[in-house]
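Please read them with the model open.

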Amino acid sequence: MDKLDKQIADASPEYQPNADFTQNTMQKIHDSQTYRKRTWFKPFAFSAAAALPLLAVVFIFAGINHNQTQKVSTTAKPVSTTSQQSTSKNVNSANAQTANEFDVAISQLDSEVSNYAISYSETSLDNINQ
Amino acid sequence: MQTEKAAIQEVKEGNSDAYRLIVDRYQRGLCIYLANMLNDEMQAEDIAQEAFMRAYSKINTYNPNYAFSTWLYRIARNLALRDISKNNKNIAELDENFETKEISDSAHEEILRDEQKASVQKAISRLKPEYREVIILYYWNNYSYEEISQIINKPIGTVRTWLFRSKEMIGKDLNG
């Protein structure tokens, strides 16, 4: 090292950073760690908060669907094709039976009416006057 | 006494207090280096603190095959350059009066020594920023050519050339 090298090296400033530099730096590092821990938790807290209303909506829809299913089951139960066919046959025979009974009733009513007509003619004013 | 490598390993494993050794070891040199770049001691301390914090938060990305100090100085250098460009300071037009206030008048010899020191400091402050930077890293922070080339991201040959030229300029300034 020549003379100039020594002169330059000796010209290093008598500078000392703030006495609290290390302490302040370490404090900032600890603070940033605490902040990072909190920010690490934030997304989870946020997603939980966002999920609550969503879950509420899902439960409401699930409840409505459940009620509707129950209502439908009281009015119409699912049946197989064969049972549907037998049911329709039963209905047809029942209808035929009802039609026969209806015909009998009508004819009975006709006869009663005709009897009534006769009796009416018998009780007409002409007959009374006579 | 704890070595730097052991301290870094401890920090990586989550013991943040081990980082105190790193801060203690490099704070002065880093602040001097930054104060010369920024020409502002307070600002230099702020940037140095930020550099220490950045290095701490990115400690897991540090490659132990390289010296920790060069990595730290490189982070600090980037922060300082960003600060310079943000504040629109022209690095070549920085004030030349950095750190000449430590002159004592207690003894004639001491006055002469301090005057000589101030002259050298003035000569350094008149250098181009890249020349000044390599002088400070080489003479005041005791870094090798290789380490300086890693910090400033230039080939070793460039570092050697800049050091030679800057020394020449300082010599002319002192003799002129």
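Helices and strands here are DSSP runs, a helix (H or I) having at least four residues and a strand (E) at least two, and they are numbered from the N terminus. The model is a predicted one.

1. Overall content. Chain B holds eight helices and zero strands, and its order from the N terminus is α-α-α-α-α-α-α-α. Chain A has four helices, again with zero strands, running α-α-α-α from the N terminus.

2. Burial and contact range. Chain B has 176 residues, of which 35% count as buried. For chain A the figure is 5% of 130 residues. Within chain B, if one takes the contacts with a separation of 6 or more, 57% of them join residues 24 or more positions apart.

3. The contact between the chains. Chain B contributes 28 residues and chain A contributes 23 residues. On the chain B side, at least two residues each come from helix 2, helix 3 (41-57), helix 5 (108-125), helix 6 and helix 8 (156-175). Helix 2 of chain B gives the largest share of that side, with nine residues. Sorted by class, the side of chain B that touches chain A consists of 14 nonpolar, six polar and eight charged residues.

4. Helix 2 against helix 6 in chain B. How do the axes of these two helices cross? Helix 2 (residues 19-38) and helix 6 (residues 129-140) have axes that come within 10 Å and cross at roughly 165°. The pair is therefore roughly antiparallel, since angles over 145 degrees are placed in that class. The crossing of helix 2 of chain B with helix 6 of chain B is right-handed.

5. Residues of that pair. From helix 2 of chain B, the contact uses B:Ile32, B:Tyr33, B:Asn36 and B:Met37. Their counterparts in helix 6 of chain B are B:Arg132, B:Glu133, B:Ile136, B:Leu137 and B:Trp140. In this contact of helix 2 with helix 6 of chain B, six residues are nonpolar, one is polar and two are charged.

6. B:Asn39 sits in the loop between helix 2 and helix 3 of chain B. B:Asn39 is not a glycine, yet its phi is positive, at about 60°. Is B:Asn39 buried or exposed? B:Asn39 is buried, because 20 other C-beta atoms lie within 10 Å, and the cut-off for buried is 20 or more.

7. The loop between helix 3 and helix 4 of chain B. B:Thr61 is located here. B:Thr61 counts as exposed because it has 8 C-beta neighbours inside 10 Å, where 12 or fewer is the limit. The C-alpha atom of B:Thr61 is 9.9 Å from that of B:Lys12, although the two residues are 49 positions apart along the chain.

8. The buried side of helix 7 in chain B. In this helix (residues 145-152), the buried residues include B:Glu147, B:Ile148, B:Gln150 and B:Ile151. They lie on the same side of helix 7 of chain B, because the arc they cover around the axis is only 160°. The buried residues of helix 7 pack against helix 4 (68-86), helix 6 and helix 8 of chain B.

9. Helix 7 against helix 8 in chain B. The two axes come within 8 Å and cross at roughly 105°. Helix 7 and helix 8 of chain B are therefore roughly perpendicular to each other, the range for that class being 65 to 115 degrees. B:Tyr145, B:Glu146, B:Ile148 and B:Ser149 in helix 7 of chain B meet B:Ile156, B:Val159 and B:Arg160 in helix 8 of chain B. By class, this contact of helix 7 with helix 8 of chain B has four nonpolar, one polar and two charged residues.

10. The loop after helix 7. B:Asn153 belongs to the loop between helix 7 and helix 8 of chain B, and it comes just after helix 7. What is phi of B:Asn153? It is near 60°, a positive value in a residue other than glycine.

Key:
Residues are numbered from 1 along each chain as its sequence is written. Chains are lettered from A and ligands numbered from 1 in the order in which they are written. This is a predicted model: local features need pLDDT of at least 70, side-chain atom pairs count only at pLDDT 80 or more; totals for chains, interfaces and linings use all residues. Axes are lines fitted to C-alpha atoms, for helices over the stretch in contact, and angles run from 0 to 180 degrees between N-to-C directions. Angles under 35 degrees count as roughly parallel, over 145 as roughly antiparallel, 65 to 115 as roughly perpendicular and the rest as oblique. A crossing is left-handed if the near helix is turned anticlockwise from the far one by less than a right angle, and right-handed if clockwise. Two residues are in contact if their C-beta atoms, placed from the backbone, lie within 7 Å. Ala, Val, Leu, Ile, Met, Phe, Trp, Tyr, Cys and Pro count as nonpolar, Asp, Glu, Lys and Arg as charged, and the others, Gly among them, as polar. The arc is that of the directions from the helix axis to the C-beta atoms.
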